[in-house]
Amino acid sequence: MYTFCSPSRIEVGGGSVSRIGALLKSLGGTKPLIVIDQFLASPAIGLDKKIMSLLAEVGMEAAVYSGIANEPTSQNVAEGVAAAAAAGADCVIAVGGGSAIDAAKAVAVLAVNEGLAFVDIARQEQLKRLPLIAVPTTSGTGSEATRVSVITNLATGIKENPGHPSLVPDIAVLDPQLTLSLPASLTAFTGLDALTHAMEAYVSNKANSLSDLHAYEAMKITGQWLEQAVADGSNEEARQQMAIASCLAGIAFSNASTNLAHAGGRSLGAYFHVPHGLSVALLLPFVMEFGLEAALDRYARVAVALGANGHQSREVLAQAAIDIVNGYNDKFGVWYEAKAKFIPDVAAFRQAIPEMVKNALSGNGILTNRQVPTAVDVTEVFEKLAAKLED
Ligand code: NAD
């Protein structure tokens, strides 16, 4: 027995953001707070102004909170809640990547649950929140469709990621035109985040028929379109396909869990300030090696979804899945970017392994692996990454 959650409505297509006013009205919203990524609200991009003028067309005046400059913190959420109160907002529009959407989810909940600690969201039987529309501008996290929000608690330094069905936005708007400005490296790393969500959901021991459907299709689309989206960011069809893949992958993992690549990635990200998509992409091939035997059939199907010829033994195909992922990491400069910008000192990385292992094991995404990893297993995954970075 399981419950399957997804947004009640998903709008797809170039220009679909122009329906934002009508969508908000359908939810009963009259006074929106737009929670938007700081860069997207800068004069150079002006996406806040664009959305405000779309809302003005249906007679709505919006307030804006645009303080999210990096991955979101408890301070961002407090500022967003204060902005909602000051404006008398009765609904929230999230505009940006996973960072802005996660902040908006927390604001939509905490604006109407005074005194509730963010991390305690997961423990609520019933959880009210303001109506919420999510408009993603990256194609990776799938946050527009998930029951999770990830916020760093500045008091503890911990990246809290409670899950609750009420955190699934009411409506997701997948407008590929809003992702055209995403640079190639971010397109690649966020796309690999989507692939990791889909793959981890597919091999999770919580996978079910409905999550499989979404995960498999997400992998298939990613295999067909990610390289094109990275090679030519102006290819709107490739952008739309990746927006769909990311959303499907989000729905898949939101219902089946992520696994060790995410548990380890969160830990790595926190320690070396590696952006989310890059951190999971760095670990994924080694996590696949660790779990291959325990999920040979599933990894063989992963390879087929990603374009491998299915007329081969499952052992050959499962290995092909790892080769394909390593191929992406080579082609998209994953190893290079990590070494150049985040982990230049591999000796320091090795020293941090015990702490990163401890943190990885204390978060979620461990017990849902088909082969549940021990501290020794997780250490080996990090050691393999260290060796790769020394290459
Ligand atoms: P992000 O939202 O942090 O954005 C990354 C960078 O891209 C920012 O500098 C932003 O300004 C820029 N950007 C965004 N859209 C752009 C566009 N269209 N053009 C140009 N630049 C653009 O990145 P992300 O990977 O989407 O989100 C990462 C966050 O999401 C992390 O905090 C991670 O923990 C979280 N996350 C949440 C979930 C979930 O289900 N809630 C799942 C996975 C990850």
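This section describes the ligand site, the cysteines and several individual residues of a predicted model.

The ligand is surrounded by 26 residues, and the closest of these are Gly-98, Ser-99, Asp-102, Thr-138 and Thr-146. By residue class, the shell consists of 12 polar, nine nonpolar and five charged residues. A nitrogen atom of the ligand lies 2.8 Å from a polar side-chain atom of Thr-137. The side chain of Lys-159 places an N or O atom 3.4 Å from an oxygen atom of the ligand. At Leu-178 the backbone is involved, with a polar backbone atom 2.9 Å from a ligand nitrogen. The ligand taken alone exposes 870 Å², of which the protein buries 89%. Two elements, α4 (98–110) and α5 (184–203), each give two or more residues to the shell. Helix α4 provides the largest share, with four residues.

Thr-146, one of the closest residues to the ligand, is located in the loop that runs between β5 (132–136) and β6 (151–152). Its relative accessible area is 2%, and Thr-146 is therefore classed as buried, the limit being 20%. When neighbours within four places in sequence are set aside, the contacts of Thr-146 are Lys-105, Thr-141, Leu-167, Val-168, Pro-169, Gly-250, Phe-253 and Ser-254.

The cysteines were examined for disulfide bonding. A disulfide is a covalent bond between the sulfur atoms of two cysteines. The structure holds zero disulfides. Cys-5 takes part in none, and the cysteine sulfur nearest to that of Cys-5 belongs to Cys-247, 14 Å away. For Cys-247, in turn, the closest cysteine sulfur is that of Cys-5; because the separation is 14 Å, the two are too far apart for a bond. The cut-off applied to such a pair is 2.5 Å. Both cysteines lack exposure: Cys-5 counts as buried at 10% relative accessibility, and Cys-247 is buried with a relative accessible area of 3%.

Two leucines in helices were considered next. Leu-389 belongs to helix α14, which spans residues 375–390. With a relative accessible area of 2%, Leu-389 is buried. Beyond its neighbours within four places in sequence, Leu-389 is in contact with Trp-335, Ala-338, Lys-339, Ile-343 and Val-346. The C-alpha atom of Leu-389 is 28 Å from that of Tyr-202, and 187 residues separate the pair along the chain.

Leu-210 is part of helix α6, residues 209–231. This leucine is partly exposed, at a relative accessible area of 36%. Not counting residues up to four places away in sequence, Leu-210 touches Tyr-2 and Phe-4. Val-230 lies 20 residues from Leu-210 along the chain, and the C-alpha atoms of the two are separated by 29 Å.

Asn-208 is placed in the loop between α5 and α6. At 9% relative accessibility, Asn-208 counts as buried. A polar atom of the Asn-208 side chain lies 2.8 Å from the backbone nitrogen of Ser-211. Apart from neighbours within four places in sequence, Asn-208 is in contact with Tyr-2, Phe-4 and Asn-255.

Positive phi values were found at two residues described here. Ser-257, although not a glycine, has a positive phi of about 80 degrees. Ser-257 is located in the loop between α7 (236–256) and α8 (260–272). Its relative accessible area is 17%, so Ser-257 is buried under the 20% limit. His-273, likewise a residue other than glycine, has a positive phi near 55 degrees. The loop that holds His-273 lies between α8 and α9 (276–291). At 64% relative accessibility, His-273 counts as exposed, because the value is over 50%.

How values were computed
Residues numbered from 1 in each chain as written. Predicted model: local features only at pLDDT ≥ 70, side-chain atom pairs only at ≥ 80, totals over all residues. Heavy atoms only, no water. Buried < 20%, exposed > 50% of the residue type's maximum accessible area, 1.4 Å probe, protein only. Contact = heavy atoms within 4.5 Å. Near = heavy atom within 4 Å. Polar contact = N/O pair within 3.5 Å; in protein donor to acceptor, adjacent residues only side chain to side chain. Areas by Shrake-Rupley, 256 points an atom, 1.4 Å probe, with all protein chains shown as cover. Nonpolar A, V, L, I, M, F, W, Y, C, P; charged D, E, K, R; others polar.
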